[in-house]
Amino acid sequence: MIYKRSSALFAEAEKVIPGGVNSPVRAFKGVGGTPIFVKEAKGAYLFDEDDNRLIDYINSWGPMILGHAYQPVVDAVVEKAKKGTSFGMPTEIETKIAELAVSMVPNIDKIRFVNSGTEACMSAVRLARGYTKKDKIIKFAGCYHGHSDSFLIQAGSGASTFGVPNSPGVTAGTAKDTLLANYNDIENVKALIEANKNEIACIIIEPVAGNMGCVPPKNDFLAKLRLLCDEHDILLIFDEVMTGFRLAKGGAQELYNIKADIVCFGKVIGGGLPVGAFAAKNEIMNYLAPLGPVYQAGTLSGNPLAMAAGLAMLTALNKDGEVFKRLANKTEYLHNGIANVLNENNITHTINRVGSMISVHFDEAEVVDFKTAALGNNETFKTFFHGMLNNGVYIAPSAFETWFITDALSYEDLDFTIAAVNKVAKTL
Ligand code: PMP
């Protein structure tokens, strides 16, 4: 494929935007080469500035679960925009989407909307600290909760891709309040709690990790965390920015039947516009300003265009009783197809999958945490990535990311993808 115009646009962008991108993982640093500039997208396909058609397995890193330019979302945004784009005053649509979200997700009474997943997680942790009157938090190596200071300690996603899981600029004072545990290692969590008795406000976790590739919780890990939190008066925060409105209507809480104390959302909840949210029972949410003492705010929070997009998206997901099953079936089909082809070509690999999240790791070992995720052969991944791209399939430009399956993918698209894997496997 030809990427002449994309390369030229990237060279221009590099002059005025650091690294030419507004979010690091877009820069292709992990895989080499120059990023592709998108002109437009529809359904399962991206069309780039060189007029290549690519099947998209990133889908804006999750939000486009029903495909690009999904008509009800586009219509809702266009109609709203005609009536004004921001007021900084309450609007009815905020209550509508809040009511719908509260009806879809278990264990929440109230929800507060923000502008990104980062803001949602950052605000949830502040609320947990204020509510429990404790300072320390536990996070898991390889989990990513946005770029707020407290979370840039062994963070996954772009932070891992660039080898800077601990960012300069995060003070030692902040870092000391973030305790680090290994995903799926309950003994490790217990030891941290013992060593920091009565000091831990919350445990924040991706209930299915998606930022070190896809890593499912194993052996009742989430249930055991719930028990530990109850025993020690610690709040359990599910970061459902990826899993929310993706794995089920009620997200991972519903799929695994585990109650979280605070739930964070992003991505799908905004239908592709900048939205995040955090939610909990009344007792906790009423601790938030203006009702309670924990401060949190936003000029553009609850923005009408963003709320219109989110409401159209959640309405579609809520109405369609089969959508999550259909997504899981498509993902399973892709999993089986890729596994067969890689096996036939004797390529060492592990595939992890939950619902419509899937990742291919070029390593034999089971991938259960950050250490095992990091064992994957990055050279093989780079060749795989570029091979897929040259065959018209766009996957995340990093081995530490999940692929997001969209309902817009047809079985022909999946077969096309599996055939591409077969071609690329010969070159690995
Ligand atoms: N939490 C998780 C689980 C995420 O995957 C992400 C983003 N990939 C975030 C939080 C941060 O969201 P945002 O990029 O919207 O700030």
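Q: What separates the centres of domain 1 and domain 2?
A: In this model, which is predicted, 25 Å separate the centres of the two domains, taken over their C-alpha atoms.

Q: And which parts of the chain belong to which domain?
A: Domain 1 is made of two stretches, 4–69 and 321–425, while domain 2 runs over 71–319.

Q: How many residues are in contact between domain 1 and domain 2?
A: On the side of domain 1 there are 33 residues, and they are in contact with 34 residues of domain 2.

Q: Which elements give two or more residues to the domain 1 side?
A: They are the helices α12 (323–344) and α13 (370–373), together with the strands β11 (350–354) and β12 (357–361). Of these, β12 gives the most, with four residues.

Q: What is that side like by class, nonpolar, polar or charged?
A: The side of domain 1 that touches domain 2 has 19 nonpolar residues, alongside ten polar and four charged ones.

Q: How many bridges join β12 to β14?
A: Two bridges join these antiparallel strands, and I358 stands opposite W403 of β14.

Q: Switching topic, which residues are closest to the ligand?
A: The shell around the ligand has 17 residues, and the closest are S116, G117, T118, G146 and V241. Helix α4 (residues 117–132) supplies the largest share of this shell, with three residues. By class, the shell divides into ten polar, five nonpolar and two charged residues.

Q: One more, which residues of helix α8 are buried?
A: In α8, which covers residues 221–231, the buried ones are F221, L222, L225 and C229. Seen down the helix axis, these buried residues fall within an arc of 95°, so they line one face of α8. As background, an α-helix has 3.6 residues a turn, so residues three or four places apart point the same way.

Key
Residues are numbered from 1 along each chain as its sequence is written. This is a predicted model: local features need pLDDT of at least 70, side-chain atom pairs count only at pLDDT 80 or more; totals for chains, interfaces and linings use all residues. A residue is buried if 20 or more other C-beta atoms lie within 10 Å of its own, exposed if 12 or fewer, and partly exposed in between; C-beta atoms are placed from the backbone. The arc is that of the directions from the helix axis to the C-beta atoms. Domain bounds come from an automatic or database domain assignment. Two residues are in contact if their C-beta atoms, placed from the backbone, lie within 7 Å. Ala, Val, Leu, Ile, Met, Phe, Trp, Tyr, Cys and Pro count as nonpolar, Asp, Glu, Lys and Arg as charged, and the others, Gly among them, as polar. A residue is near a molecule or strand if its C-beta atom, placed from the backbone, lies within 6 Å of it. Two strands pair if DSSP finds at least two bridges between them.
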